[in-house]
Amino acid sequence: MTLRIEDYALIGDLQTAALVGTDGSVDWLCLPRFDSGACFAALLGDKENGHWRIAPKGSERCTTRRYIGDTLVLETRWETRTGTVEVVDFMPQRDTTPDLVRIVRGVEGTVEMESVLRLRFDHGSIVPWMRRAGGHRVAVAGPDSVWLRSEPPVRTWGQQFSTVSSFSVGADEQVAFVLSWHPSHEQRPDPLDPHEALRCSLADWAEWSTACRSRGRYREAVVRSLITLKALTYAPTGGIVAAPTTSLPEEIGGVRNWDYRFCWLRDSTLTLEALLTAGYQEEATAWRDWLLRAVAGDPADLQIMYGLGGERRLPETELPWLSGYAGSAPVRVGNAAVDQLQLDVYGEVMDSLFLAQEQGIPGERHAWFIQLSLLGFLESKWREPDEGLWEVRGPRRHFVHSKVMAWVAADRAVRTLEGDSTLRGDVNRWRAMRDEVHREVCERGYDPVRNTFTQYYGSRELDAATLLIPRVGFLPPDDPRVVGTVDAVRAELGADGGLVRRYSAEGTVDGLPGGEGAFLACSFWLADALRMTGRPKEARELFERLLALRNDLGLLAEEYDPGAGRQLGNFPQAFSHIALVTTALALDDDEAAG
């Protein structure tokens with residue numbers, strides 16, 4: 001039976017990540033990077049597409065599971081009629097190549113255990129050649145090589161293109177498995193000590209987590225979300241992937257299945273805000289530096305997303321050999337939205353760099369010249385329609401959010417020049433642009449009859465992105481048009497439990513069949529908007545309902561289906577956790593201020 005999306009846990013090494021199910025199976029892992037081909041792809045197909053399950057014989061689902069303290073080390077507990085065992089899963093932060101460590105620990109009694117490993121490289125399509133070498137099992141296929149060993153050695157054999165191990169564990173006994181990847185043309189790296197790696201991983205994560213400034217009532221949720229964001233960071237470059245997965249559906253059985261293993265500019269300002277407010281300046285600086293490298297070049301070539309290192313070409317293809325999560329096909333790798341025109345990203349970049357400067361991240365002199373170049377291009381393009389924040393695959397429109405972010409770009413340029421007279425730039429030019437954009441949005445993007453901003457000029461449809469209008473400073477929170485927009489979005493895009501959809505999927509704007517769930521980041525934005533418009537009790541009630549939607553480990557996907565009571569979309573989703581952190585910290589600040 002297909003596990004629910006929320007039945008998975010995340011482990012990772014800051015360069016890639018794995019999903020571990022409540023049945024003890026690792027069903028998703030891309031090696032060596034987040035965006036590499038998956039060697040375990042059962043998540044999007046079946047067990048023949050690759051997985052690694054360690055569990056008591058005859059047991060289907062674990063008893064309990066948890067992260068050990070404020071770490072990314074997963075402990076899964078199995079209570080059987082003959083005894084109890086724990087399986088500790090983690091990926092130590094790597095020196096050179098990735099390792100997946102699984103340590104089985106006996107708690108009481110004696111438990112018969114089984115490990116079944118099916119490696120399938122290239123997103124579950126390639127069965128490797130297996131051989132023995134010095135007590136190891138070695139798998140090779142093209143550029144990929146994986147070594148599996150156990151400490152102590154246990155009985156292991158090949159069976160139906162899988163590697164099976166059978167062993168028993170008594171109280172205080174341990175069996176550690178280590179799976180190591182390396183390029184097949186290189187020598188195998190030195191073996192990892194799994195027990196020392198566990199000690200180091202626990203210490204490293206615990207030390208990192210103590211830096212969090214949050215001391216309010218939501219500290220536990222904030223820390224877990226920050227650990228998740230850290231886990232989605234590609235350490236060599238500082239880029240943060242939107243999610244470690246591809247093609248988990250926004251509707252079960254539907255076609256809205258996208259690859260999120262890339263870095264989106266739309267997330268940049270909120271990411272910086274979350275990291276800086278929580279006390280993680282090093283990570284915020286690395287993200288700012290990634291952003292500067294990614295956007296450098298001709299401003300006409302600015303993309304909405306990039307690869308982990310700033311790569312530009314992310315061609316979208318379908319993988320027909322994978323049936324999709326719960327039959328939700330197609331499975332896609334790459335993302336064709338990379339070629340879209342989304343004018344809001346210019347505002348996101350300007351806002352991010354302005355925030356970084358305000359928060360004390362040391363400035364780069366060349367950064368201002370990049371910003372002037374981007375702004376000059378936007379000055380000539382902002383009047384054009386685009387695909388908008390939500391990457392619609394229908395016709396281009398004059399999306400209100402895109403225009404608001406064009407205003408943000410001009411506003412941040414004005415404020416930057418007003419704050420530093422040594423910088424080059426014509427402040428009056430950008431003031432004029434700011435005023436013109438503001439005037440047009442208020443005239444063409446606002447419906448005075450319904451007292452709400454709309455999704456695009458001339459539309460009756462609404463967009464939850466307009467909840468950000470007071471947050472970015474386009475209008476003050478007490479402006480009647482802002483209050484009216486919050487109320488209209490809540491009424492017309494609302495779902496059960498007070499959640500909101502990002503827009504009406506029943507319309508024609510996105511060019512796709514089917515629907516989707518409530519969008520979790522937008523629901524956190526609603527809580528923010530309620531707080532800003534003087535309704536703190538309603539804001540806190542909504543926020544706490546959203547917290548209750550997290551899985552047992554504190555993780556959130558992109559969306560939630562209130563009717564089915566389950567998470568939807570790629571998992572875990574950075575956008576959802578970023579929104580959680582910023583809303584939680586704002587509510588805690590309000591409470592501290594009385």
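Which residue in S11 does Arg 131 stand opposite? I looked this up in what is a predicted model, and found that Arg 131 stands opposite Val 138. The strands concerned are S10 (residues 129–133) and S11, which run antiparallel and are joined by five bridges. Between them lies a hairpin with two residues between the strands, where I noted that Gly 134 takes a positive phi near 55°.

I then followed S11 (residues 136–141) to its other partner, strand S12 (residues 144–151), and found five bridges and again an antiparallel run. Here Arg 137 stands opposite Leu 148 in S12, and the hairpin of S11 and S12 has two residues between the strands, with Gly 142 in the turn at a positive phi of about 60°. As for cover, five of the six residues of S11 are buried.

Next I turned to the rings, where a search of the whole structure gave 18 aromatic pairs. One of them is Trp 407 with Phe 474, an edge-to-face pair at 5.3 Å centre to centre, with 80° between the planes. Trp 407 belongs to helix H8 (residues 400–419) and Phe 474 to the loop between helices H10 (469–472) and H11 (480–492), so the pair ties together parts that are 67 residues apart in sequence. I checked burial for both: Trp 407 is buried at 7% relative accessible area, and Phe 474 is buried at 3%. Elsewhere, ring pairs link Trp 390, Phe 519, Trp 525 and Phe 575 into a cluster.

Last, I looked up charges over rings: the charged end of Arg 33 sits over the ring of Tyr 234, 5.1 Å from its centre, and Arg 155 lies over the face of Trp 157, 4.2 Å from the ring centre.

Notes
Residues are numbered from 1 along each chain as its sequence is written. This is a predicted model: local features need pLDDT of at least 70, side-chain atom pairs count only at pLDDT 80 or more; totals for chains, interfaces and linings use all residues. Side-chain values use heavy atoms; hydrogens and water are left out. Buried means under 20% relative accessible area, exposed over 50%, partly exposed in between (1.4 Å probe, protein chains only). Helices (H or I, at least four residues) and strands (E, at least two) are DSSP runs, numbered from the N terminus. Two strands pair if DSSP finds at least two bridges between them. Rings of Phe, Tyr and Trp (its six-membered ring) pair if their centres lie within 6.5 Å; planes under 30 degrees apart count as stacked, over 60 as edge-to-face and the rest as tilted. A charge sits over a ring if NZ of Lys or CZ of Arg is within 6 Å of the ring centre and within 35 degrees of the ring normal.
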